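I opened this entry to look up a few contacts and the strand layout. My notes follow in the order I made them.

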Amino acid sequence: MSTSPKQMEMPGMPETRRAMPAVRCCSLVPGQQVLYLGRIQGGPRYGSSGVVRRVLSHKAVVEIQGSGTWNIPYFFLTTAQAA
């Protein structure tokens with residue numbers, strides 16, 4: 001028995017995308033490129049890319065070009081390679 005239900009496939013429906021894995025503090029280094037996957041009002045745009053400036057225990061300090069520098073929890077980030 002499957003633990004997660006599968007969406008019924010119908011003609012014309014787009015394929016369901018799998019969620020990209022979030023990063024962890026141990027897997028990031030300053031200077032690494034990341035993508036922001038959060039949807040927070042007033043925050044960076046979904047899919048914005050940035051560069052890690054500092055790695056903290058529960059979040060990273062990320063510089064996103066055109067949006068400034070943000071403290072972003074790891075569950076809103078993924079590496080550019082994972083995308």
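I looked up the exposure of Glu63 and found this residue partly exposed, at a relative accessible area of 36%. The model is predicted, so I take this as a computed value. I then checked Arg53, which is also partly exposed, with 45% relative accessibility. Both classes follow because partly exposed covers the range between under 20% for buried and over 50% for exposed.

Next entry, salt bridges. How many salt bridges does a search of the whole structure find? I got one. I noted that this salt bridge joins the side chains of Arg53 and Glu63, with an N to O distance of 3.0 Å. Arg53 belongs to strand β2 and Glu63 to strand β3, so the contact ties together parts that are ten residues apart in sequence.

I went on to the two strands themselves. I read β2 as residues 49-55 and β3 as residues 59-64. Their pairing is antiparallel and runs over five bridges.

In what order do the five strands lie? I wrote β4-β3-β2-β1-β5, an open sheet with antiparallel pairing. At the edges I found β4 (68-73) and β5 (77-79), each of which pairs on one side only. I also looked up the angle between neighbouring strands of this sheet: on average they are turned by 45 degrees against each other, direction ignored.

Note on methods: Residues numbered from 1 in each chain as written. Predicted model: local features only at pLDDT ≥ 70, side-chain atom pairs only at ≥ 80, totals over all residues. Heavy atoms only, no water. Pairing = 2+ DSSP bridges. Helix = DSSP H or I, 4+ residues; strand = E, 2+ residues; numbered from the N terminus. Axes fitted to C-alpha atoms, helices over the stretch in contact; angles between N-to-C directions. Salt bridge = Lys/Arg side-chain N within 4 Å of Asp/Glu carboxyl O. Buried < 20%, exposed > 50% of the residue type's maximum accessible area, 1.4 Å probe, protein only.
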